Amino acid sequence: MTIFLILAPYGVYTFLLFVTSATVSVFAASAICLATIAVDVMRGRSVKILAAGSAMLFAGIGLYLALAHPALSEIAVKVSVDAGIFLISLGSMLVRRPFTLQYALEEVPAETAGVPGFLRANYTITAAWTAAMLLMMAANVVLLYVPGLPIWSSLAIAFAARNGAIYFTKWYPEYRRIKDIAAAAALPNS
């Protein structure tokens, strides 16, 4: 359920780009980000870096489209969104607070959060999402500068990158837990 709430604004934004204007799409995504923030607050959870940053990003792009440059191409809007999410993800690691850490701390028991590899695992997962955003951004940049390419090529890359990051997010914690148990078992008793 958590991954659905995290990805909902981006899914709605992408879907709406096919049926309406980029302006409507980014404002709708911003509204959904704000709704996910409201759900977290009502549940007594923290406001997430990714949700708050995305809400501001989508709203900012929407205001730019509405007030300054309504004719900006859809691909340029996609590149702007991808670049913004990439910067939020990378920035969260640079300020030593990987965005996945907030979600993980609310999902795992305190003893798991205290394990030495827990923070490293969150950096690794956030890095996977950052790489996925970089791939999606690069695919859209290529479409921007090579307009003859079919749109499905960018969609295929985005789909593969996003689903790869989702799979990695689900797989890596268990992999890390098994590795840590094996390493602990290999230590001699002292």
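**View 1. Asp40 in helix α2 of the predicted model.** Here we're looking at Asp40, which sits in helix α2. With a relative accessible area of 11%, Asp40 counts as buried, because the cut-off for that label is under 20%. Leaving aside residues up to four places away in sequence, Asp40 touches Arg45, Ser46 and Lys48. For a sense of scale, pick out Pro109 as well: Asp40 and Pro109 are 69 residues apart in sequence, and their C-alpha atoms are 18 Å apart in space.

**View 2. Lys48, in the loop between α2 and α3.** Lys48 belongs to the loop that runs between α2 (22-42) and α3 (49-67). Is Lys48 buried or exposed? It's buried, since its relative accessible area is 1% and anything under 20% gets that label. Which side chain does Lys48 join through a polar contact of 2.8 Å? That would be the side chain of Glu106. Skipping residues up to four places away in sequence, the residues touching Lys48 are Asp40, Gln102, Tyr103 and Glu106.

**View 3. The largest nonpolar core.** This view takes in a core of 33 residues. Those with the most contacts inside the core are Tyr13, Val26, Leu50, Phe58, Val77, Val81 and Ile85. As background, nonpolar side chains in soluble globular proteins tend to be buried together.

**View 4. Tyr13 and its contacts.** Zoom in on Tyr13, one of the core residues with the most contacts inside the core. Not counting residues up to four places away in sequence, Tyr13 touches Ser25, Val26, Ala29, Phe58, Val77, Lys78 and Val81. Among these, Val26, Phe58, Val77 and Val81 are also on the list of residues with the most contacts inside the core.

**View 5. A nonpolar patch on the surface.** Last stop is the surface, where Phe15, Phe18, Val19, Ile151, Trp152 and Leu155 form a nonpolar patch. Together these residues have about 640 Å² of accessible area. The elements giving two or more residues to the patch are α1 (2-19) and α8 (151-186). Trp152, found in helix α8, is worth a look of its own. Trp152 has a relative accessible area of 59%, so it counts as exposed, the cut-off being over 50%.

Key
Residues numbered from 1 in each chain as written. Predicted model: local features only at pLDDT ≥ 70, side-chain atom pairs only at ≥ 80, totals over all residues. Heavy atoms only, no water. Patch = residues over 30% accessible without salt bridge, like charges linked within 9 Å, V, L, I, M, F, W, Y side chains within 5 Å. Areas by Shrake-Rupley, 256 points an atom, 1.4 Å probe, with all protein chains shown as cover. Salt bridge = Lys/Arg side-chain N within 4 Å of Asp/Glu carboxyl O. Helix = DSSP H or I, 4+ residues; strand = E, 2+ residues; numbered from the N terminus. Buried < 20%, exposed > 50% of the residue type's maximum accessible area, 1.4 Å probe, protein only. Polar contact = N/O pair within 3.5 Å; in protein donor to acceptor, adjacent residues only side chain to side chain. Contact = heavy atoms within 4.5 Å. Core = buried A, V, L, I, M, F, W, Y, C linked by side-chain atoms within 4.5 Å.
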